[in-house]
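Student: Hi! I have a new structure to look at and could use a guide. Can we go through it together?
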Amino acid sequence: MSNPSKVTKAEEFEPRIVAFLCKWCSSAGSDLAGVSRIQYSANATPITIPCSGSVSPMFILSAFNKGADGVLISGCHPGDCHYMEGNYLARRKLYLVKELLQFIGLESERFRMSWVSAAEGAKFAEVVDEFVEDLRVLGPQNRLKAKR
Amino acid sequence: MTKRTGVFVCHCGKNIAATVDVKKVAQDLAKDDGVVFSEDYVYMCSDPGQTAVIDAIKDNDLNGMVISCCSPTLHEKTFRDASELGDLYAFQCEIANIREQCAWVHNDMEVATEKALKITRASVRRVQHNQALEPIGVPVTRRALVVGAGIAGIQAALDLTDAGLDVILVEKQATIGGNMLKLSETFPTLDCSQCILSPKMVSVSKNSKIKLMTESEVESISGFVGNFKVKIKKKAEFVDPELCKLRDDCTPVCPVAVPNEYDVGLTNRRAIHIPFAQAIPASFTLDEEACLGLDPVVCGKCEEVCDVGAIDYDKKPTVTEEDIGAIVVSTGFDLYGMEHMGEFGGGRYPDVLDGLQFERLCSASGATEGDILRPSDHKVPKEVVFIQCSGSRDPENHCAYCSKICCMYTAKHATLYKHHVPDGQAYIFYIDIRSGGKGYEEFVQRSMENDGVIYLRGRVSKVYEKDGKLKVMGVDTLAGRNVEINADMVVLAQAMEPSKGTAEIAKILKIGRDKDGFLAEAHPKLKPVESVTAGIFLAGAAQGPKDIPETVSQAGAAASKVIALLSKDQLAHSPTVAKVRDPYCTGCEMCVDACPYDAIALVDGKAHVNEVLCEGCGSCAGVCVRAAIDVKNVTQLQVHEMISAIMA
């Protein structure tokens, strides 16, 4: 039974991503990707939160600690936040998180923020696919993963 | 309390079941801690599906439930209602989206099933920590704000007052009426536009339930559906409308002449002026930018001649704050500027007119009192070329969309022209003729048959002046040849675009816009007059190009939505609001600063949440270093549980 593509797939590293999507824009955008039947990698599992501004840095550390290879936060475009300024808050705060991750020795590319509106189903799929490809290059994340 | 969680996995026919092994998801979850019931069903949202949910809650004494199905935007309400019928609190039911976020975007069954399991399991872990919440009842302000007083805003305001509501009608210009006021006749009946609009304008001015604020704009908004607070800025009222007797002593002495907006620049007006004869409010007004008198050393002539003392140069703008329950936004359209279409010579040649200028030429109240004359030499144009889709349906250069009304108003223009100049010839360049509407197609046909309008299917490449004529270079694609017309006048049927200031008002009110800049409806089919923000509704051309009948219908629909909303004694406010865990709060005020709604304040050194103001965004939870504040049912504990479920 020689199926080269199947073999490659089995051997290929499959990154595990936790994706925090704001309810109003990015989760709705991912819904639109679904409605439009745009196919993308299944590596990112979504958690819908009220706003990107509600993401505590602890969520990100917790996800890495539990073995995530990448963490995605996706919110409304700057200026379009349903809660007026939550995404600005997220942007300022999460920039520092990125710095912190680098400081403690984790590739900062493993943490990504994106702005995906409710109308951007195709963009959501692209964001996930690109992130998965970038993480494949980086390989598994072990730096913050708890040893169990 | 012992966790007794139910899980229901929907096939959605084959929509989910084609790529997710729903049986496996249900069976695997049945083994999870606290899950006492887990089953799959072909259509959970069907009546038997809901009955199964209700029965399962009762039979198994469930205290939490996850429906693994489509997006919560679709059936969250269905299943939360079902929960209550089964004596489970609505907020103890959560939706796991395994369709839009899983089944529809992956094609490998093994992979999709694995992801569906993670999504469902995360929701199970979350719901096991959900609190039994009940909606918070908040009082309603039975008063509406209408922004923009064109035909849409006027209609909405009148309908609202018919239902007994008080209305604040805000208009940026000095008079209400909007673009419809400038039209001469309306298709397909050729009713005089002013004659059908002015009765409604009069109704507004005589209506004691309408507080009309012209030369005013919404400056800011706070609050939420049923309880908005809106700040409205009114320009300085240099002429007191109560005192002004409309005697017109002032305009003859005013030394300043500027283009008259009402005549779309075809005539001039003075700095002090009345917008037009039937203006509402009926008062002269002073154009702050043009007036010299604000510096009384330079001029003060109008004040000197005003016997009744209605003019006061020292007036200042005012800002008032109003309590409002709901808002209708009807800020209308502008024509896509001629300056974008240099090839047609707009702005360069005086006899190339825009659609609204031509309306003013045809209008009995216009510059020429209804005689169609060339602005350049006041001669009667014998050959007039109308160019449809000027700026519409041209994604490369201009607007991609169809402006919907131009086919009809061009047919009207050509017909009106022939009525004024029976020996003249009208030509219309068009791409397609879109005349959907009652009596519309017949109207276009009449313009061809009775008025001999020549329709040329093709576009115009260039308009230039030669020997006192406008040379129109076009193509007739049906005959397959180039066309050159020596015209006396060219009229552009420009695209409609959202009025200037739409972007700003959308930002202030926090309502979205579509890719073309029009205000976005909450759902293109099922919520055509609702904005994405609860309590804010849309009417008229601000939402997309539309004609007068459609605008009036939409305004009525928006008004009826507001009436329904404000007919309730109380509105339900979501109980998923922030909650402080006092022992952990140090009173650092990080959350106070982060809250976009000013819903948090320090009380006795601890943060305290005003539940009615809180919208549950979680900005506070995101900044609290001690995790002392949480949004109910999306607590940090719950998110950590969800992460664990996904990474297990």
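Student: At what angle do α2(A) and helix α5 of chain A pack?
Tutor: This is a predicted model, and in it α2(A) packs against α5(A), residues 121–138, at an angle of about 95 degrees. Their axes are 7 Å apart. That angle makes α2(A) roughly perpendicular to α5(A).

Student: Let's zoom out. What secondary structure does chain A have?
Tutor: Chain A has five helices and four strands. Read from the N terminus, the elements go α-β-α-β-α-β-α-β-α.

Student: How many of the residues of chain A count as buried?
Tutor: The share is 55% of the 148 residues. As for contacts in chain A with a separation of 6 or more, 81% of them come from residues 24 or more positions apart.

Student: Now the two chains. How many residues are in contact there?
Tutor: On one side there are 35 residues of chain A, and they are in contact with 36 residues of chain B. On the chain A side, α2 (26–35), β2 (44–49), α3 (57–65) and α4 (86–103) each supply at least two residues.

Student: Which element gives the most to that side of chain A?
Tutor: That's α2(A), with five residues. The residues on the side of chain A that touches chain B divide into 19 nonpolar, 10 polar and six charged.

Student: Over to chain B. What about helix α16?
Tutor: α16(B) covers residues 636–647, which is 12 residues. From its first C-alpha to its last, α16(B) reaches 16 Å, close to the 16 Å expected at 1.5 Å a residue. Its buried residues are Gln636(B), Gln638(B), Val639(B), Met642(B), Ile643(B), Ala645(B) and Ile646(B).

Student: What covers those buried residues?
Tutor: Parts of both chains do. The cover includes β1 (17–22), β2 and α3 of chain A, along with α5 (109–127), α15 (619–623) and β34 (629–631) of chain B.

Student: Is α10(B) enclosed or open?
Tutor: 12 of the 15 residues of α10(B) are buried, so this helix is largely enclosed by the rest of the structure. Among the buried ones are Cys406(B), Met408(B), Lys412(B) and Tyr417(B).

Student: What do the buried residues of α10(B) pack against?
Tutor: They pack against β8 (185–186), α9 (355–362), β21 (383–390), β22, α11 and β27 (489–494) of chain B. As for reach, α10(B) runs 20 Å from its first C-alpha to its last, close to the 21 Å expected at 1.5 Å a residue.

Student: How far is Gly439(B) from Pro188(B)?
Tutor: Their C-alpha atoms are separated by 6.4 Å, although Gly439(B) and Pro188(B) are 251 residues apart along the chain.

Technical notes:
Residues are numbered from 1 along each chain as its sequence is written. Chains are lettered from A and ligands numbered from 1 in the order in which they are written. This is a predicted model: local features need pLDDT of at least 70, side-chain atom pairs count only at pLDDT 80 or more; totals for chains, interfaces and linings use all residues. Two residues are in contact if their C-beta atoms, placed from the backbone, lie within 7 Å. Ala, Val, Leu, Ile, Met, Phe, Trp, Tyr, Cys and Pro count as nonpolar, Asp, Glu, Lys and Arg as charged, and the others, Gly among them, as polar. A residue is buried if 20 or more other C-beta atoms lie within 10 Å of its own, exposed if 12 or fewer, and partly exposed in between; C-beta atoms are placed from the backbone. Axes are lines fitted to C-alpha atoms, for helices over the stretch in contact, and angles run from 0 to 180 degrees between N-to-C directions. Angles under 35 degrees count as roughly parallel, over 145 as roughly antiparallel, 65 to 115 as roughly perpendicular and the rest as oblique. The expected span of a helix is 1.5 Å times one less than its number of residues.
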